[in-house]
Amino acid sequence: MSAPPFASVEELESSLRAHSYLPDRGLAVAIYLAVSLDRPLLLEGEAGVGKTEVAKVLAEMTGRKLIRLQCYEGIDSNQALYDWDYSRQLVAIRAAQAEGKPIDDLFGGAFLVERPLLDAIRTGPGAVLLIDELDRADDEFEAFLLEVLSDFAVTIPEIGRIAATKPPAVVITSNRTRELHDALKRRCLYHWIDHPSLEREVAIIRTRAPGVRESLAREVATAVERLRTLEVAKRPGVAETIDWANALSFLGADKLESETALETLGAVVKDHEDQQVVTAHLQEVLGDDSA
Ligand SMILES: Nc1ncnc2c1ncn2[C@@H]1O[C@H](COP(=O)(O)OP(=O)(O)O)[C@@H](O)[C@H]1O
Ligand SMILES: [Mg+2]
């Protein structure tokens with residue numbers, strides 16, 4: 001077995017920080033174990049808590065290629081693993097017919113379209129495979145994926161077996177719009193990512209939007225934390241917090257006040273009904289009892 005990519009949780013954590021990702025301890029331990037033990041990491045949590053970013057940063061940190069499989073309703077193995085380039089096959093057939101020659105190897109490597117999973121199998125340990133938003137795919141696809149994850153090999157009838165020398169690092173994310181199956185979970189290490197604590201969110205704003213002053217960052221993070229406790233359909237994620245802080249800072253605001261808060265609400269709350277809820281509770285969100 002080759003040496004694990006990080007000597008300790010602390011080393012991994014400081015590398016994440018150096019790449020502008022501020023994890024909590026539990027997440028750092030989960031990532032450390034997953035990469036050291038070669039296990040897929042399943043990350044669940046609400047939208048915007050930093051799940052997808054883990055895979056991106058991990059690829060950057062380790063110099064591996066990020067291969068992203070974005071899941072959606074109806075995705076199947078033709079979109080995930082490999083497919084044949086039918087239009088090029090057709091051109092080849094026509095050309096062969098025109099020249100009166102026999103048709104070339106129609107199901108050979110030249111006409112194979114590599115999709116993310118095949119790319120990951122071929123790249124092996126040089127890749128971080130991100131299987132993003134798996135909860136959007138259906139059960140059947142999840143079962144298929146489980147097979148791929150268990151041996152990182154594929155047999156293409158016309159070509160033969162292609163197997164990874166060593167598995168890639170795998171990060172699976174889910175927004176938990178449905179439960180994933182136990183069989184899949186059994187293969188993975190699991191971590192639930194919550195919205196960050198106030199202090200961490202302030203630090204994240206300072207890292208990702210260095211132009212924003214500390215006091216404004218703190219006011220914005222505090223307001224977003226309160227906003228998340230309201231009855232809104234979509235609670236703002238970290239990206240929205242950063243956007244809001246950036247927007248306010250760009251407009252020259254050095255404090256979060258009702259007027260500017262309302263004017264810039266579209267940076268943080270992106271739903272009409274939710275905006276109405278927040279507007280109705282604005283003083284509560286801003287922590288201003290004087291009004
Ligand atoms: N712990 C964190 N440290 C630094 N930035 C973060 C963190 N969590 C979230 N972010 C920021 O929030 C953005 C959205 O995160 P993302 O990974 O897309 O969320 P998710 O996949 O959970 O919906 C990221 O691009 C990043 O800028
Ligand atoms: Mg995501």
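A salt bridge here is a side-chain nitrogen of Lys or Arg within 4 Å of a carboxyl oxygen of Asp or Glu. The views below come from a predicted model, in which 24 salt bridges are found.

**View 1. R176 and E44 join in a salt bridge.**
Let's start with the side chains of R176 and E44, which come to 3.4 Å, N to O. R176 sits in the loop between strand 8 (169-174) and helix 8 (182-187), while E44 belongs to strand 1 (residues 41-44), so this pair ties together parts that are 132 residues apart in sequence.

**View 2. D119 of helix 6 meets K65 of strand 2.**
Here the salt bridge between the side chains of D119 and K65 has an N to O distance of 2.9 Å. Since D119 lies in helix 6 (residues 116-123) and K65 in strand 2 (residues 65-70), the pair ties together parts that are 54 residues apart in sequence. D119 is buried, with a relative accessible area of 14%; K65, at 40%, is partly exposed.

**View 3. D83 forms a salt bridge with R115.**
In this close-up, the closest N and O atoms of D83 and R115 are 3.6 Å apart. D83 is part of strand 3 (residues 82-84), and R115 is found in the loop between strand 4 (112-114) and helix 6, so parts that are 32 residues apart in sequence are tied together by the pair. The relative accessible area is 13% for D83, which is buried, and 26% for R115, which is partly exposed.

**View 4. Helix 9 crosses helix 10.**
Now for a pair of helices. The axes of helix 9 (residues 198-208) and helix 10 (residues 214-227) come within 9 Å and cross at roughly 130°. The two helices are therefore oblique to each other, and the crossing is right-handed. On the helix 9 side, the contact is made by L198, E199, E201, V202, I205 and R206. Helix 10 brings E214, A217, R218, V220, A221, T222, V224 and E225. Sorted by class, the contact of helix 9 with helix 10 has 7 nonpolar, 1 polar and 6 charged residues.

How values were computed. Residues numbered from 1 in each chain as written. Chains lettered and ligands numbered in written order. Predicted model: local features only at pLDDT ≥ 70, side-chain atom pairs only at ≥ 80, totals over all residues. Heavy atoms only, no water. Helix = DSSP H or I, 4+ residues; strand = E, 2+ residues; numbered from the N terminus. Buried < 20%, exposed > 50% of the residue type's maximum accessible area, 1.4 Å probe, protein only. Axes fitted to C-alpha atoms, helices over the stretch in contact; angles between N-to-C directions. Parallel < 35°, antiparallel > 145°, perpendicular 65-115°, else oblique. Left-handed = near helix turned anticlockwise from the far one by under 90°. Contact = heavy atoms within 4.5 Å. Nonpolar A, V, L, I, M, F, W, Y, C, P; charged D, E, K, R; others polar.
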